[in-house]
Amino acid sequence: MLNAMINLESQGGDKKYIIPYLTGNIFFIVAGIGILLLIVLLILHNRKSRAFKALSGQKEELAEDYQTLENSYEEAVNTRNQYQLKNEELKKSNEKLKKTAYTDLLTQLPNRYALTELVDNVMLTLRNEEVVALMYIDVDDFKQITDNLGHSYGDELLIDITHRLKQSIDENDYLSRLGSDEFVILTQNFTDIGEYEAKIKKILKVFEYPFVLSLKEYFVTVSIGIAMAPKDGKTTQVLLKSADTAMYSAKMTGKNTFTYFKPDMNDRIMEKIQNQAELRRAIEKKEFVVYYQPQIDLKTGKITGFEALVRWEHAEKGVLKPSQFIKLSEETGLIVPIGLMVMEEALRQLKGWQDQGYKDLTMSINTSVRQLKDNDFYQKVKEIIERIGVNPANIELEITESSALQESEHARHVIEALNELGISFALDDFGTGYSSMNYLKLYPISNIKMDKSFLDTLFTDDFNKSIIESTIALVQSMNLTVTAEGIESCEQEDFLKSARCNKAQGYLYSEALPAEQADAYLISNR
């Protein structure tokens, strides 16, 4: 088309040069196009720049978001770690609390809660023909040790006992401390009674050796009760109660032994509990009275004094002698108030006789080792003497050989202190136990009372007569007097006179008498 335009211009005559014109137009067109392109490029560049800037901003925002997310993740990880740490600490704390709750702090043995939980589980899973044995161990006279030496030595003794018990049991036995001086051994899969009794005897055997407390040796025994599941109880509480009942029965039979549970034991225990309640009521109602048995000088035939003997005027059973309630009163500790009541009543009677002119009469009063171990015994005796105004030189307290065997540092100090007040002491029941002359060195004894059972052998043969004569002579050579108890015949009296025994008492002269009858007897023998 451009060529055509050029040709037409040439045919019209004069030639016109239109190329520059066209070239100029093309230049402008090209320039326009270039400008347009430049504008487009600028627009595109501008858009690209804005897009790049937007992208950079988004990248920065993403980077910031990523950093925030990373920080949040780190915080979450730290929180999780802290939570896990706290959880572990909580678990350890719970385990520690559980151990504390289920462990005896003194002996580090499982305690009552741990034992109960274990036995509960055992009883729930007990199979047919399976037997479980529960051994209930109680330390005999533990309270006396703590009263005399203090609770720190009692704790030391319990730790030593724990060690000895651990040495006596098998790996599968479960030893726990139930409380105070009570221990329990649980034996599962019980099969052989012979092996089990061998274990019990092994436990008793380890207590034959003394414990060293406060630099002194002490012999301690235990009483053991055994109950079997399911025969003696199908629940933990019933099984423990049965074993406890058996242990209590073992104590009643003399301690330092073991007893299997029997259903009729509950009846005996209930009877004993009832008797204890009656004893307490008797003290409150003042049902205990004092009887007096005269003591005779074998040389002159005159009354030298009386032995005060307690009687219980029971509302239903009548007058009961000491043999029917003294043992129970000693076990329960009620002998202390009963003994003080007897002492006060006897000394009032002695003061009355002395005011009547019987200045040389002596009042002998039985004193148990339980009384001597009482922390307030010395002070209470002193207060009674001062309140009544009686001369201590006319008071004789009798202690038995069995009491001497249970030698206590505190008891000896009390005896020595009372002796310093002017009170004399007699060794009662001489001849029934060890009859060791060593007691005469340990205690300020001034009188030996020969027991009736010792004198009952008097006429069986001449050898026994020689023993009695020699004993009397030996005791008197130590500047002590001898009183023979339980004299019932003139033949016994004649022999004792020939053996130069000092004093005697018994049915030959008089039984124990109420105060009024004793007063009449004294007047008739003036």
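These questions and answers concern salt bridges in a predicted model.

Reader: How many salt bridges does the model have?
Author: A pair counts when a side-chain nitrogen of Lys or Arg is within 4 Å of a carboxyl oxygen of Asp or Glu. By this rule the count comes to 17.

Reader: Which residue forms a salt bridge with Arg177, and what parts does the pair tie together?
Author: The closest N and O atoms of Arg177 and its partner Asp104 are 3.0 Å apart. Arg177 lies in strand S2 and Asp104 in the loop between helix H2 and helix H3, so the pair ties together parts that are 73 residues apart in sequence.

Reader: Is Asp104 buried or exposed?
Author: Buried means under 20% relative accessible area. Asp104 has 14% relative accessibility, so Asp104 counts as buried.

Reader: How many residues apart in sequence are the parts that Lys449 and Glu307 tie together?
Author: Lys449 forms a salt bridge with Glu307, with the closest N and O atoms 3.1 Å apart. Lys449 belongs to strand S14 (residues 445–450) and Glu307 to strand S9 (residues 303–314), so the parts they tie together are apart in sequence by 142 residues.

Reader: What separates Glu344 and Arg348 in helix H10?
Author: The two residues form a salt bridge, the closest N and O atoms being 3.0 Å apart. Glu344 is partly exposed at 22%, and Arg348 is partly exposed at 42%. Being four residues apart in helix H10 (residues 335–355), they are separated by about one helical turn.

Key. Residues numbered from 1 in each chain as written. Predicted model: local features only at pLDDT ≥ 70, side-chain atom pairs only at ≥ 80, totals over all residues. Heavy atoms only, no water. Helix = DSSP H or I, 4+ residues; strand = E, 2+ residues; numbered from the N terminus. Buried < 20%, exposed > 50% of the residue type's maximum accessible area, 1.4 Å probe, protein only.
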